[in-house]
Amino acid sequence: ALSDASPEISDSLQVLHRVFGYSSFRGEQEQIIEQVAGGGDALVLMPTGGGKSLCYQIPALVREGTGIVISPLIALMQDQVDALTALGVRAGFLNSTQDPYERQAVEQAFLADELDLLYLAPERLRTEGTQRLLDRGKVSLFAIDEAHCVAQWGHDFRPDYLALSMLHERWPKVPRIALTATATEATHAEIAKRLGLEDARHFVASFDRPNIQYRIAAKDKPLAQLLELIRSEHDGDAGVVYCLSRASVEKTAAFLVEQGIDAVAYHAGMDARTRAANQARFLREDGVVVVATIAFGMGIDKPDVRFVAHLDLPKSVEGYYQETGRAGRDGEPATAWLAYGLQDVVQQRKLIDGSEGDENHRRSLAAHLDAMLALCETVDCRRVRLLAYFGQSGEPCGNCDTCLTPAESWDGTVAAQKLLSTVWRLARERRQKFGAGQIIDILQGKKTAKVIQFDHDALSVFGVGADLSTGEWRGVVRQLLALGLLAVEGDYGTLVLTDASGEVLGGRRTVQMRKEKAPAASRKKDSG
Ligand code: ADP
Ligand code: ZN
């Protein structure tokens with residue numbers, strides 16, 4: 001006999017105990033499950049590792065019929081279904097990796113109401129055949145996983161996701177739950193709009209991952225820095241190392257293997273078999289380090305990843321947050337370490353300038369990059385800045401590099417003026433474009449061949465910056481770029497002034513800078 005308490009809740013709790021073996025719900029899981037099990041729509045923003053899967057798996061088990069899970073992660077469907085099957089949940093998937101016979105068996109099981117969960121790739125839903133199949137069976141709910149893939153200017157856009165707006169039109173009575181670990185206000189709003197979930201209940205969890213220690217270091221010798229991180233803090237730990245290009249993935253993996261570290265490579269250009277084998281080793285064995293492009297990791301559930309290292313600057317804070325979020329899903333301490341240098345800024349700018357799409361698109365990419373640069377150059381708590389980016393507030397955390405070793409700041413106004421006026425003088429020449437290297441050589445008064453060739457030793461600014469080391473000058477350039485007081489242009493990383501540069505040159509604006517942590521032997525104080 002049912003008590004008059006809400007039946008969904010007691011059923012859900014029972015399923016949590018019996019099927020999944022957990023004692024209690026986490027965070028807002030219970031309210032989310034209640035909403036969907038009761039036939040309502042939900043939009044769930046929850047960080048990686050927060051426990052999104054149960055939010056649709058339990059309603060699917062409680063409700064009659066089959067829960068349809070739309071996921072772009074075809075490579076993981078088999079694993080997900082295996083894991084559910086092991087728990088006694090009746091699950092299947094339909095995607096392009098199956099032969100017609102396998103597919104038919106799954107379809108039969110669905111039609112016979114013998115499946116609790118059916119995973120579908122988004123492109124399958126667009127076919128008339130699949131839509132008719134769903135009409136003939138009994139659908140308990142639609143779960144749209146990785147829902148941020150519908151956001152057009154987001155970092156994982158999938159055109160097939162746009163078609164998911166038809167779910168509600170075609171099956172208006174079936175509840176929908178969209179889930180994502182991407183949480184900016186803009187993405188949130190775009191998901192709601194594109195999927196027609198404005199009237200759904202929205203659940204926004206805290207995005208803080210207190211066990212992750214965020215650290216952003218100046219890039220010096222990245223491979224040696226990475227090796228030092230692994231040897232001194234993460235010997236024998238599982239980790240992910242992200243690189244921008246396939247070539248640097250290969251190079252980095254080979255380097256680590258040479259150094260005796262159990263590392264494997266992963267990128268989209270590898271043959272499918274090796275790639276799958278490498279992923280499987282990382283997932284199933286202990287202490288494997290995977291070196292990968294960002295193609296790796298979405299949806300990967302490996303709880304004991306102890307570190308995520310970035311050897312190149314991520315394109316956006318969202319990307320950074322998602323990628324670092326793969327560390328420490330078990331709640332134990334983990335490290336998110338990023339090495340970033342001037343060259344990263346130049347390279348990313350180049351990618352943006354050369355990217356497809358219209359001016360708006362490029363502007364959006366540039367805004368994302370700027371936010372990432374601001375996070376790198378902040379003297380405040382990284383976590384506070386990260387959460388602020390997602391519209392959430394917090395206190396300085398005590399578990400990030402700026403909290404642990406507060407960045408000293410200095411008045412960089414004069415240094416900025418020297419640098420900006422050098423850029424201005426060179427721009428006036430118009431003969432040739434120059435990058436940061438030449439400008440720093442001029443400031444430091446170095447008579448290199450290129451300095452002599454262009455008579456740059458005759459400039460009035462020649463040698464006026466001899467009081468700062470090359471590393472410090474590169475820091476000045478990076479910070480001016482991050483502040484929008486300087487910009488890079490073109491293929492060779494030419495430095496150019498911005499509208500705001502004039503405020504500094506004209507003495508109307510001062511510039512506080514963070515001190516470079518790299519040791520400089522005899523460093524004179526900037527005397528102003
Ligand atoms: P997400 O999809 O949000 O990244 P998952 O659904 O994969 O997160 O859950 C992350 C981990 O937390 C999984 O190992 C999952 O089994 C576990 N988990 C989820 N909910 C609970 C809970 N209520 N109690 C204990 N463990 C949970
Ligand atoms: Zn902090």
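I start with a term: a residue is buried if 20 or more other C-beta atoms lie within 10 Å of its own, exposed if 12 or fewer, and partly exposed in between, with the C-beta atoms placed from the backbone. By that rule, buried residues make up 44% of the 528 residues in the protein.

A word on what you are looking at. This is a predicted model, in which local features need pLDDT of at least 70 and side-chain atom pairs count only at pLDDT 80 or more, while totals for chains, interfaces and linings use all residues. Residues are numbered from 1 along each chain as its sequence is written, and chains are lettered from A and ligands numbered from 1 in the order in which they are written.

Now the overall picture. The protein has 23 helices and 17 strands; these are DSSP runs, H or I of at least four residues for helices and E of at least two for strands, numbered from the N terminus. Its C-alpha atoms fill a box of roughly 90 × 50 × 45 Å along the principal axes. Two residues are in contact if their C-beta atoms, placed from the backbone, lie within 7 Å. Of the contacts between residues at least 6 apart in sequence, 74% join residues at least 24 apart.

Next, the ligand. A residue is near a molecule if its C-beta atom, placed from the backbone, lies within 6 Å of it. There are 15 residues around ligand 1, and Tyr22, Arg26, Gly51, Lys52 and Ser53 come nearest. For classes, Ala, Val, Leu, Ile, Met, Phe, Trp, Tyr, Cys and Pro count as nonpolar, Asp, Glu, Lys and Arg as charged, and the others, Gly among them, as polar. The shell then has five nonpolar, six polar and four charged residues.

On to helix H3, residues 53-62, where Ala60 is found. Is Ala60 buried or exposed? It counts as buried, because it has 26 C-beta neighbours inside 10 Å. Beyond its neighbours within four places in sequence, Ala60 is in contact with Gly67, Asp116, Leu117, Ser140 and Leu141.

Which residues of helix H17 are buried? They are Arg382, Arg383, Val384, Leu386, Leu387 and Tyr389. That is six of the eight residues of H17 (residues 382-389), so the helix is largely enclosed by the rest of the structure. The buried residues pack against strand E8 (212-218), helix H14 (317-324), helix H16 (359-377) and helix H18 (401-404). Just after H17, Gly391 takes a positive phi of about 75 degrees.

Asp113 is partly exposed, with 13 other C-beta atoms within 10 Å. For Glu146 the phi is about 50 degrees, in the loop between strand E5 (139-144) and helix H8 (159-162). Glu146 counts as buried, because it has 22 C-beta neighbours inside 10 Å.

The contact between H19 and H20 is made by Lys418, Leu419, Thr422, Val423 and Leu426 of H19 and Ile439, Ile442 and Leu443 of H20. By class, this contact has six nonpolar, one polar and one charged residues.
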